[in-house]
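This briefing covers charged side-chain pairs and nonpolar cores. Look over the sequence and the structure first, then read the notes below.

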Amino acid sequence: MKDGHGDGSGSHGMPHGAPEGTIKEVYSQIKEHGDGKVSHQYMKNTQNQLRLVFWETTAGCNLECVHCRRIDVSTQLMNDDLTTKESFELVDAIAETGNPILVLSGGEPLFRPDIFDIAKYAVAKGLTVALATNGTLVDEAMAKKIVDSGVSRVAISLDGADADTHDKFRKLKGSFDMAIKGFKNLLALGMGMQVNCTIAKHNAHQFRDLYNLAVNLGAEAIHIFMLVPVGCGVEIAEDQMLPAEKYEELLNLFYDLSKEAVIQTKATCSPHYFRIMRERAKEEGIKITPKTHGMAAMTKGCLAGTGVCFVSHKGEVFPCGYLPVEAGHIKKQKFKDIWKDSAVFAKLRNTDLLGGKCGLCEYKKVCEGCRARAFYETGDYMAEEPYCIYTPKMAKSE
């Protein structure tokens, strides 16, 4: 993820300004750094550099997961998916805008017969390309195609620590075993692997087991996603959404697990983790630096529209995959102009516009609350995060 500008003060051996490159490249430069100033400048991203683009390459998928952001998921390719030509033009436009990591997602991206042409094209344009898949289609031949395409990392979703839990959520018997097999096929070829886990009531009790599974599989990273009630998530919200107190408990446990430093950890759609991390570090008398907290020192909570955006299979541009507020459309506007000038993005980039207790919170610039959950609850994406138990100091004094 391309960095923002910083003064680089306290950066021993660093050039003036924050280091440049994707977050992985920057982290490799500063991971042993004991001064948090460099990573803090990168985290602030005051220039709103584009660091991560999630592209829903198709809505087609071979699974019908109960938590999917899509309600109209299809078991075949969609007629309104971007064509190969349009896909190449999107890659060109993204590369013109910055040097973000491009995540090819879906649906199931491996449904697209041209997905490897797209990946190769993006790599040739200098982009770092990642692939997000359910893993069930990754036999040995498919694994080789993925590796040969130049993809740098593959994220496979595991939403249960055992077959029964995962398969019920994914609505396909055997999907857990297929995903594990796919993971191992890619790992055997040297692919950097990541495990994604959507945490909800059905698997919250397996939180530690899911972490251990990722470690034992040999994953480089585990990213946890707290369920967002959008798309199919709305339909299961009442049954599956965890209460705010449980989020707090699990995010504290995730912080404990991150201190083991045996795997990269990232809390996604869980912005209050970055408040918890700072609270815990303060209690421990530890400064947050790349050396003490890894990549978590370089990022913050909700990144929607500030360093991240989502492109739908039709070409709509959204702040993230869970916030259905259109910022633009690549068939109507230049992607670069959308990123730079969208009124939706401009609003999200102004933390002074946050409402409720988020607007009062001393942690708002490192957390910001989940804008998608706020939208779900109130219809206002700048309203306060509804699944956070923290009371800001200013709110206490009123």
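Is Lys314 buried, partly exposed or exposed? Lys314 counts as partly exposed, because its relative accessibility is 31%; the class runs between buried (under 20% relative accessible area) and exposed (over 50%), with a 1.4 Å probe and protein chains only. This is a predicted model, in which local features need pLDDT of at least 70, side-chain atom pairs count only at pLDDT 80 or more, and totals for chains, interfaces and linings use all residues. Residues are numbered from 1 along each chain as its sequence is written, and side-chain values use heavy atoms, with hydrogens and water left out.

**Salt bridges**

- The structure holds 19 salt bridges, each being a side-chain nitrogen of Lys or Arg within 4 Å of a carboxyl oxygen of Asp or Glu.
- Lys314 pairs with Asp80 in one of them, with 4.0 Å between the closest N and O atoms.
- This pair links distant parts of the chain, 234 residues apart: Lys314 lies in the loop between strand E8 (308-311) and strand E9 (316-318), and Asp80 in the loop between strand E1 (52-56) and helix H3 (84-97).
- Helices (H or I, at least four residues) and strands (E, at least two) are DSSP runs, numbered from the N terminus.
- Asp80 is partly exposed, with a relative accessible area of 32%.
- Arg112 and Asp114 form a salt bridge whose closest N and O atoms are 2.8 Å apart.
- Arg112 counts as buried because its relative accessibility is 5%, and Asp114 is buried at 9%.
- Arg153 and Glu220 meet through their side chains in a salt bridge of 2.9 Å, N to O.
- That pair also links distant parts of the chain, 67 residues apart, with Arg153 in strand E4 (residues 153-157) and Glu220 in the loop between helix H8 (207-217) and strand E6 (221-226).
- Arg153 is buried at 15% relative accessible area, whereas Glu220 is partly exposed at 31%.
- A network of salt bridges links Asp256, Lys259, Arg280 and Glu284.

**Nonpolar cores**

- The largest nonpolar core has 94 residues, and Ile146 and Phe335 have the most contacts inside it.
- A nonpolar core is a set of buried Ala, Val, Leu, Ile, Met, Phe, Trp, Tyr and Cys residues joined through side-chain atoms within 4.5 Å.
- Helix H10 (residues 244-258) gives the largest share of this core, 7 residues.
- Another core, of 14 residues, lies apart from the largest one and includes Tyr27, Leu52, Val103 and Met295.
- Leaving aside neighbours within four places in sequence, Phe335 is in contact (heavy atoms within 4.5 Å) with residues including Leu50, Leu90, Cys309 and Ile330.
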